[in-house]
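Work through the exercises below with the sequence and the model in view. Each task is followed by a solution in steps.

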Amino acid sequence: MENRITDIEIHLSHLEHTIQDLNEVVYRQQQAIDRLEDELKSLRTQFLAVAPSPTRPPDEETPPPHY
């Protein structure tokens, strides 16, 4: 019985270590995602400042030549 309890404690210790490692990986991935989202937002803002939308609002559109 004592060996079984010891084996379970060892197994639990390994599982706790694995969970902690996975938690650290998830945390780093979330940091990377947040950083990439910020960079994407910045790039989108820069792009729109340099090249505004190619479509105009409907009231600014000139009618096609066949009208």
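The radius of gyration is taken over C-alpha atoms, and the globule rule is 2.2 Å times the number of residues to the power 0.38. The model is predicted: local features need pLDDT of at least 70, side-chain atom pairs count only at pLDDT 80 or more, and totals for chains, interfaces and linings use all residues. Residues are numbered from 1 along each chain as its sequence is written, and side-chain values use heavy atoms, with hydrogens and water left out.

**Exercise 1. Find the overall dimensions of the protein.**

Step 1. The radius of gyration of the protein is 29 Å, while a compact globule of 67 residues would have one near 11 Å.
Step 2. Along the principal axes, the C-alpha atoms fill a box of roughly 90 × 25 × 15 Å.
Step 3. Helices (H or I, at least four residues) and strands (E, at least two) are DSSP runs, numbered from the N terminus. The protein has 1 helix and 0 strands.

**Exercise 2. Determine what share of the residues is buried.**

Step 1. Buried means under 20% relative accessible area, exposed over 50%, and partly exposed in between (1.4 Å probe, protein chains only).
Step 2. Of the 67 residues, 0% are buried.
Step 3. The accessible surface, from the Shrake-Rupley method with a 1.4 Å probe, is about 6700 Å² for the protein, and 60% of this belongs to carbon and sulfur atoms.

**Exercise 3. Compare sequence and space separations for glutamate 60.**

Step 1. Glutamate 60 is in the segment after α1, and with 47% relative accessibility it is partly exposed.
Step 2. Glutamate 60 and leucine 40 are 20 residues apart in sequence and 30 Å apart in space, C-alpha to C-alpha.
Step 3. For glutamine 31 and glutamate 60, the values are 29 residues and 43 Å, C-alpha to C-alpha.
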